[in-house]
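Dear colleague,

I am passing on the structure we spoke about, followed by an account of what was found in it. Please read the account with the model open beside you.

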Amino acid sequence: MSVKLRNINEQVMVITGASSGIGLTTARMAAEAGAKLVLAARNGDALDQLASELRRQGCQVATVAADVGNQADVERIGQTAMERFGRIDTWVNNAGVGTFGRLEEVALEDHLRLFQTNFWGVVHGSLEAVKRMKLRGGGALINVGSEVSDRAAPLQGMYSASKHAVKAFTDSLRMELEKEEAPISVTLVKPAAIDTMFALHAKNYMDKEAALPPPVYAPEIVAKAILYCAQHPKRDIFVGGASKMISSGNAYMPRMLDRFMNASMFKQQKSKFDKAPGRRDALHAPDPSQALRQRQGMTERHVAESSAYTALALRSKPLTAALLGGSALVGALFAARGLSRRFAR
């Protein structure tokens, strides 16, 4: 069935992981567009600071200090939205954490914590959103996956696994809702590497500070995609042409991509800086010293401030989208051909 979504200036929007990165950028853009917001994150002080900022701009905001890995906390997010605004039009499951290191080296408790946030946080949020939306006429559920939802990366193995799981859960939930003709749009957003605090917040088992492999895109591109999907039903969207190219490459030439990643990804995910002694991270608890920062401000990587692929894909019809995907595949094939020559030398 066709799902009709409200304009952003008429919406009540829930955003998890709202105190930094993509969540923070989306919250600020949604506020500027006139949405009413329910913002959630583990860091209550950062949320209060953000809420004060947005209220000065005339935005109506409610905040909930919550750990999305805890089902009771997520239920409080939904209850707060209903008590304050009476409905939920869009729910964005964005909260996420990371680890950098070989799978054998990362402690089991860190693997478990990552999955509790990245996967179970999405499960808790999605089911809470669906329950509330069914009572109030529908809405949009937007889950933030990753380019590694389709293709795993070394040194971020459990993060990749969690995003694979998010994709499978999201796809299954979408089909079940479509079968019962529930008026809920379900979108999976798959960003490429994004210039946020992710690498600094991640737990790092490497000898160097963590870095994201290029190309790296600005968080505003993801936020714009999220706000578009909150108003226009989309099944999924790749943010950054690199994300689509990686997915296409994995679908059609996985072994070549294995070789490419083995040749490049181990080095590209390490910065030139030694890991700082006593380095803090935000895996198990928020790091208050890194609150309310949209971007990492990396010095080693160029940051793309726009993505022509994503801009076209958001507004394209299915045929155009297929052509764009074909173009991405051609690009991947040319890249693979160059890589093959390199290995042949």
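At 41% relative accessibility, Gly96 falls in the partly exposed class, because that class covers values between 20% and 50%. Please keep in mind throughout that this is a predicted model. Gly96 sits in the loop that runs between strand 4 and strand 5 (99-100), and, leaving aside residues up to four places away in sequence, it touches Thr117 and Asn118. Gly96 and Tyr159 are 63 residues apart in sequence, while their C-alpha atoms are 9.2 Å apart in space.

Helix 4 (residues 108-118) and helix 5 (residues 120-135) pack with their axes 3 Å apart and at an angle of about 20°, which makes helix 4 roughly parallel to helix 5. Sorted by type, the residues of this contact of helix 4 with helix 5 comprise three nonpolar, five polar and no charged.

Further along, Glu128 has its place in helix 5 and is buried, with a relative accessible area of 3%. Apart from residues up to four places away in sequence, Glu128 touches Val74, Glu75, Gly78, Gln79 and Trp91.

The aromatic residues

How many aromatic pairs does a search of the whole structure find? The search finds five. In one of them, Phe119 and Trp120 have their ring centres 5.2 Å apart and their planes at 70°, so the pair counts as edge-to-face. Phe119 is buried, at 14% relative accessible area, whereas Trp120 is partly exposed, at 39%. Phe119 is also paired with Phe169, where the ring centres are 6.3 Å apart and the planes stand at 85°, so that this pair is edge-to-face too. This second pair links distant parts of the chain, since Phe119 lies in the loop between helix 4 and helix 5 and Phe169 in helix 6 (residues 157-179), 50 residues apart. Phe169 is buried as well, with a relative accessible area of 17%. Together, Phe115, Phe119, Trp120 and Phe169 form one aromatic cluster.

Turning to the strands, seven of them form an open sheet in the order 3-2-1-4-6-7-12, and the pairing is parallel. Strand 3 (61-65) and strand 12 (236-239) stand at its edges, each with a single partner strand, so one side of each has no neighbour in the sheet. On average, and ignoring direction, neighbouring strands of this sheet are turned by 15° against each other. Strand 2 (residues 36-41) and strand 3 run parallel and are joined by five bridges, and Ala40 stands opposite Val64 in strand 3. Helix 8 (residues 219-231) lies across strand 1 (12-16), strand 4 (90-93), strand 6 (139-144), strand 7 (184-191) and strand 12, and it runs at about 155° to strand 6.

There is also an open sheet of three strands, in the order 8-11-14, again with parallel pairing. Its edge strands are strand 8 (193-194) and strand 14 (303-304), each of which pairs on one side only. Strand 8 pairs with strand 11 (residues 216-217) in the parallel sense over two bridges, and the partner of Ala193 in strand 11 is Val216.

Backbone points to check by eye

Where is a cis peptide bond found? The bond from Pro214 to Pro215 is cis, with omega near 0°, and Pro215 lies in the loop between strand 10 (208-210) and strand 11.

Leu155, in the loop between strand 6 and helix 6, has phi near 70°, a positive value in a residue other than glycine, and Leu155 is buried, with a relative accessible area of 8%. Glu181, whose place is in the loop between helix 6 and strand 7, likewise has a positive phi, near 60°.

Conventions. Residues numbered from 1 in each chain as written. Predicted model: local features only at pLDDT ≥ 70, side-chain atom pairs only at ≥ 80, totals over all residues. Heavy atoms only, no water. Axes fitted to C-alpha atoms, helices over the stretch in contact; angles between N-to-C directions. Helix = DSSP H or I, 4+ residues; strand = E, 2+ residues; numbered from the N terminus. Parallel < 35°, antiparallel > 145°, perpendicular 65-115°, else oblique. Nonpolar A, V, L, I, M, F, W, Y, C, P; charged D, E, K, R; others polar. Pairing = 2+ DSSP bridges. Contact = heavy atoms within 4.5 Å. Phe/Tyr/Trp six-rings, centres within 6.5 Å; stacked < 30°, edge-to-face > 60°. Buried < 20%, exposed > 50% of the residue type's maximum accessible area, 1.4 Å probe, protein only.
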